[in-house]
Every structure is written in C-alpha cells, then in structure tokens.
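Below is a short briefing on one protein model. Please have the sequence and coordinates open while reading.

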Amino acid sequence: TVDRSKLWTIQTPQAFRYELIKEASEKAEAEGFLGTDESMIVERLGHPVRVVESTYDNVKMTTKEDLLFGEVLLKQRRQEDF
C-alpha cells in the first residue's frame, strides 16, 4: 500500500509563462514525446514545477457540463458577495 500522506491530487488548469510552455510544447512535439500534462514537458526542460494548493472549484472548462458547473459556481459566488 502506498503511503498516501505523501500523495497529491493534481488539478488543471496548470499555469506557466507563455514562452516556457511554448518552448516545452514545441520541443516535445519535435521529439515525438507525449507527456501526460504540461508539468511533465516543462520538467523535461529542466525547469522546476511547484504545487500550489487550491480548492475543488478550480475546474478546467473542457466540456458543456464543465460550463454548466462553472455557471453554478459563479452564481453561488455572486450570491455570497451580496
């Protein structure tokens, strides 16, 4: 059994400076490297990647269902602001 106290759940979106992620993406593509995510291809260039704690409502907008969830989150935040 893996010691879960040292495991992290990684969320997307991941954030990088544009020039760095562009360079990492172009190099990976040129070399036929398929990374599992942006962090992997940036680390491959020798750049460190940090983990920043967040909340579960930091969701990536990919599908129509994600957009619906995002709308609910925004509506909830607006109500909390008033």
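Predicted model: local features only at pLDDT ≥ 70, side-chain atom pairs only at ≥ 80, totals over all residues.

Residues are numbered from 1 along each chain as its sequence is written, and side-chain values use heavy atoms, with hydrogens and water left out.

**Confidence**

- The average pLDDT (the predictor's confidence in each residue, from 0 to 100) of the protein is 90, and 99% of the residues score at least 70.
- Helices (H or I, at least four residues) are DSSP runs, numbered from the N terminus.

**Largest pocket**

- The largest pocket holds about 760 Å³ of space.
- A pocket is an open set of points on a 1 Å grid over the protein atoms alone, where a 1.4 Å probe fits, with protein on both sides within 12 Å along at least five of seven lines.
- Grid points are joined across faces, edges and corners, and the volume is the space filled by probe spheres set on the points.
- The lining (residues with an atom within 4 Å of a point) comprises 25 residues, with Ile10, Gln11, Arg50, Val51 and Val52 nearest the pocket centre.
- Helix α2 (residues 38-44) supplies the largest share of this lining, three residues.
- By class, the lining has 12 nonpolar, eight polar and five charged residues.
- Ala, Val, Leu, Ile, Met, Phe, Trp, Tyr, Cys and Pro count as nonpolar, Asp, Glu, Lys and Arg as charged, and the others, Gly among them, as polar.

- Gln14 sits in the segment before α1 and is buried (under 20% relative accessible area, 1.4 Å probe, protein chains only) at 18%.
- Beyond four places in sequence, Gln14 is in contact (heavy atoms within 4.5 Å) with Asp37, Glu38 and Ser39.
- Ser39, in helix α2, is buried, with a relative accessible area of 11%.
- Leaving aside neighbours within four places in sequence, Ser39 is in contact with Gln14, Phe16 and Val49.

**Val2**

- Val2 belongs to the segment before α1 and is exposed (over 50%), with a relative accessible area of 56%.
- Val2 and Thr63 are 61 residues apart in sequence and 32 Å apart in space, C-alpha to C-alpha.

Definitions and conventions. Helix = DSSP H or I, 4+ residues; strand = E, 2+ residues; numbered from the N terminus.
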